Amino acid sequence: MMPLEREISTLKQYCFQYLLRNHEKIPSKKVSQIYEISDIREEFISMAKKKNLVDDQFFSIFGEIFIISNLYHNLQNNSNNSNSNTNSHDSHNTEDDMDLDTTSSISTNAPLINDINNNNNNNNNNNNNNNNNNNNNNNNNNNNNNNNNNINNNINENNIPQLTTNTTIDLTNIQKINLSGLARLTDISIQYISGYKQLQELDLSFCTGISNEFVKHLSKIPLVSLNLFNVTSVNDNTLQLIATSYPTLKRLLIGGCGNITEQGIKSLLKCSLLQELDVSHCKKLTNSALKLISFPCLTYLNASWCFDLTSGDNCFNKIAKQCTKLTTLRIAASAINEQQLIKVLSEAKKLTSLDISFCPNAIVNVDSKLFKYMSSIQNLHIAGCSFKEPILRKIIDSTPHLKDLDISHQDGLPWSFIESIIKDQSTLSHLKTLNFSLSKFDKFDSDALLNIHSLTVFFPIM
């Protein structure tokens, strides 16, 4: 006899498949009514996790429900992340996580709410006052109608907004959509997205099925943020279309798009309001291409792992001169040397976050004058640099505001350096994160680190 749990799971799958086969019989495809059924909602959230199952046919039928499910899934994850407050971690990928949340407008006989991300702040308040909320739960329910203008505060025990028969889901004003990883979607589904006329932020990262001209279907949408990380079809023609369609674009992530060249970067100069740009892992970008980066509003630049760069060139110095508002610079594996880095730091006066991972020649002298330019650095990534202990100590002494230090992927790290950090109360007063993942030590005392509750540590694999 089949176990009860498996019977239930099989039944849910059967019902879901029935729904797929009979979708045309659903009156007017009323999304909110379908979504009220908890099993169906769970199935779609599960589907959001199994993104390889979503293709154009699925999206044409259930695109709206998928977008809503993804929204609820992301809200739940954000809430869980805000509640998790651990002191130690196993090896962890420190690559920037820049995914965009899927956001729609949800209301209950109330004015439209355009930004459901306010829920994240309210979730934290609700969690901190959990006992008070439980005691006042009945009062909240009784006064539900009075709270219509603040529906985002009504969170159930799973931190997911509840849908009722009075709930309306207004997708006409959706502002953020995350379709990351849907590799089976093509331009057919992109045409479906073109119906969201208020869309501002779109994440298509790893959507490898779309063409290099997908932008033509979205040209009338006022996008300000576009994530195309590892969309392999993106090329110079795509960037020209983006620059023409979205001259007010503020955020563009095109890392991993290996067909982009200098011509594409030149086209992007029309986007004079650009604030964040990721061109990492773009293997055809050269020093001359990076020298074109001259966006007056740029605060974030990731040009890591561009393997066609040559050492001895001052391209990053020129970027620092031209982008005077730059606060974050990620140039891992860029072959930058110490003299070049000195020029960059002397020009980038607002820089607070620096990634020079796998640049072993970036700092070679313990008495280098570059240390006097590091006082404002708060986040420093020097993974794989294998700096000697005197230089590591000088870095700590020269960064009085350092919050996050990544020294992962190191061979032969001395425990004496770590010991000097954890015994220095002045350093511990500002340092919040230490990443040792995939590093090797001469010895390692995990207990000594676990006793420092203010410090988050990513431990090496022992």
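Cys 207 is buried, at a relative accessible area of 1%, where buried means under 20% relative accessible area, exposed over 50% and partly exposed in between, for a 1.4 Å probe and protein chains only. Cys 306 is in no disulfide, and the nearest cysteine sulfur, that of Cys 282, lies 5.6 Å away; a disulfide is taken as a pair of cysteine sulfur atoms within 2.5 Å. By this rule the count is zero disulfides. Cys 306 also counts as buried, because its relative accessibility is 1%.

A word on the basis of these values is in order. The model is predicted, with local features needing pLDDT of at least 70 and side-chain atom pairs counting only at pLDDT 80 or more, while totals for chains, interfaces and linings use all residues. Residues are numbered from 1 along each chain as its sequence is written, and side-chain values use heavy atoms, with hydrogens and water left out.

Two helix pairs come next. Helix α12 (residues 315-322) and helix α13 (residues 338-347) have axes that come within 8 Å and cross at roughly 5 degrees; axes are lines fitted to C-alpha atoms, for helices over the stretch in contact, with angles running from 0 to 180 degrees between N-to-C directions. Helices (H or I, at least four residues) and strands (E, at least two) are DSSP runs numbered from the N terminus. The angle makes α12 roughly parallel to α13, a label for angles under 35 degrees, with over 145 being roughly antiparallel, 65 to 115 roughly perpendicular and the rest oblique. From α12, Phe 316, Asn 317, Ala 320 and Lys 321 take part in the contact, and from α13, Lys 343, Val 344 and Glu 347; contact means heavy atoms within 4.5 Å.

Helix α14 (residues 389-398) packs with helix α15 (residues 415-422) at about 20 degrees, the axes being 10 Å apart. That makes α14 roughly parallel to α15. Here Glu 389, Leu 392, Arg 393 and Ile 396 of α14 meet Ser 416, Phe 417, Ser 420 and Ile 421 of α15.

Back at α13, Ile 336 sits in the loop between β10 (328-330) and this helix. Ile 336 is buried, with a relative accessible area of 2%. Leaving aside neighbours within four places in sequence, Ile 336 is in contact with Phe 316, Ile 331, Leu 341, Val 344, Cys 359, Asn 361 and Ala 362. The C-alpha atoms of Ile 336 and Leu 309 are separated by 9.4 Å, the two residues being 27 residues apart along the chain.
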